[in-house]
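Hi,

Here is the structure I promised to pass on. Have a look at it first, and my notes on what turned up follow below.

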Amino acid sequence: MACSCHSKPRKTRTVKVGRYSIGGSSPVSVQSMCNTDTRDLKATVDQIRRLEDAGCEIIRVAVPDMQAAENLGRIKAAIGIPLVADIHFDWRLAVEAVRQGVDKVRINPGNIGEKDKVRAVVKACKAAGVPIRIGVNAGSMKCLKEGQSPRWTSYEWAKRMVKEALDEARTLERLDFHDIVVSLKADDIERTVMANTLFAAKSDIPLHLGVTEAGSFLAGTVKSSLGIGLLLSQGIGDTVRVSLTEDPVMQVRAAYEILKSLGLRHYGPDLISCPTCGRCQVNVGKVIHELEDRIYSDRALLKKAEGLKIAVMGCVVNGPGEARSADFGVAGGKGKGVWIEKGKQIKVVPEREWVNEVIRKIRSAK
Ligand code: SF4
């Protein structure tokens, strides 16, 4: 679905990643990355399952050594979404990851080294039908000498990032390998947006969007929303990862909120709540947090709640009026509240039962 503020999406090739496609006419997909130790099977699988419940569609894990690479098959067998191996430097880890059955490999061919090594990775990926993401990050470009921090303008940075991505893509294409996704990330909006815009004008390779090392939940979400949002609103971008120093579940939720606000994806309910004021005698914040925790950790409930507008208001003075546009909701009194459906006051519900009542109502929604 496209919204009115959204330019026509850029035409890209389609790249299959397990059961999802990136680019072409596919919806913009949501990715995240585990922050567990990939060698720890239980912790990694538990985290991926929580991410799946929150709607994550593609998950990436770091592969720092052979022990981690050899764990990928077991992780893959225990999860339901495509698994991406994040490889730096060692081509043998990429080849092992493919052997373990991963659905995509993220490398930077420049880091892999000699042509023979890149060729071995490409050969393994091609035989297994596994795509490669070329990830170019501003801070670790090949053209930078160690410790170098050049005083380039954002445009100069962006041009160099694009050149590096195109050179790397050409290396793969010369080996007749075309299942490529590219990412161009910087830790600021200007370089990220410029690099992706320049690249989009030069290539049909799908783009994985993100602002790298975006920061804490609030700062990172704002930065990512602007950077990713600016690109998506120009029709640029095929898959998204919001990078936050946070539980990866919040990265998934933030990514969907960006896509939802641009009219590109549906995701969960529209939960509205008042900011509270001196009239409020119920704990609106606690109710909203409990509701979010319940809904965003239950895939079936999340799906059921899609498109529903649910209101939690702090008082009966303004609450019922402000909740009028909601499908249903509650407006507080003291220890209890008025239950409202489509603007009509239906019954009184004790405050301790609000969350359960909303959940019951979502489950019974058509
Ligand atoms: S709904 Fe009531 S409690 Fe909430 S901000 Fe409005 S007046 Fe205040």
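Strands themselves are DSSP runs (E, at least two residues), as are helices (H or I, at least four), and both are numbered from the N terminus.

Before the details, please keep in mind that this is a predicted model: local features need pLDDT of at least 70, side-chain atom pairs count only at pLDDT 80 or more, and totals for chains, interfaces and linings use all residues. Residues are numbered from 1 along each chain as its sequence is written, and side-chain values use heavy atoms, with hydrogens and water left out.

**The barrel**

Eight strands close into a barrel with parallel pairing, and the order is β3-β4-β5-β6-β7-β8-β9-β10. Neighbouring strands in this sheet are turned by 25° against each other on average, direction ignored; the axes behind such angles are lines fitted to C-alpha atoms (for helices over the stretch in contact), and in general angles run from 0 to 180 degrees between N-to-C directions.

In β8 (residues 180-185), 6 of the 6 residues are buried, so the strand is largely enclosed by the rest of the structure. Both faces are covered: Ile180, Val182 and Leu184 are buried on one side, and Val181, Ser183 and Lys185 on the other.

**The open sheet**

There is also an open sheet of 5 strands in the order β11-β12-β13-β14-β15, with mixed pairing. Its edges are β11 (270-273) and β15 (344-350), each of which pairs on one side only. From one strand to the next the twist averages 20°.

Within this sheet, β12 (residues 309-313) and β13 (residues 328-332) run parallel with 4 bridges between them, and methionine 313 faces alanine 331 of β13 as its opposite number. Helix α11 (residues 284-295) packs on the sheet, touching β11 and β12, and its direction makes about 150° with that of β12. Contact, by the way, means heavy atoms within 4.5 Å.

On its other pairing, β13 runs antiparallel to β14 (residues 336-341), with 5 bridges joining the two. Valine 330 has tryptophan 339 as its bridge partner in β14. The β13-β14 hairpin has 3 residues between the strands, and glycine 335 takes a positive phi near 75° in it. As for burial, 5 of the 5 residues of β13 are buried, so this strand is largely enclosed by the rest of the structure.

**Helix α10**

Helix α10 (residues 248-261) has 14 residues and reaches 20 Å from its first C-alpha to its last, close to the 20 Å expected at 1.5 Å a residue; the expected span is 1.5 Å times one less than the number of residues. It is mostly covered, with 10 of its 14 residues buried, including Val249, Arg253 and Tyr256. What covers those buried residues includes β3, α1 (41-53), α9 (217-233), β10 (239-241) and α11. Glycine 263, which follows α10, has a positive phi near 75°.

**Cysteines**

How many disulfides are there? The count comes to 0, taking a disulfide as a pair of cysteine sulfur atoms within 2.5 Å. For cysteine 56, the nearest cysteine sulfur belongs to cysteine 34 and is 8.1 Å away. Cysteine 56 counts as buried at 3% relative accessibility, and cysteine 274 is buried too, with a relative accessible area of 16%.

Cheers

Conventions:
Buried means under 20% relative accessible area, exposed over 50%, partly exposed in between (1.4 Å probe, protein chains only). Two strands pair if DSSP finds at least two bridges between them.
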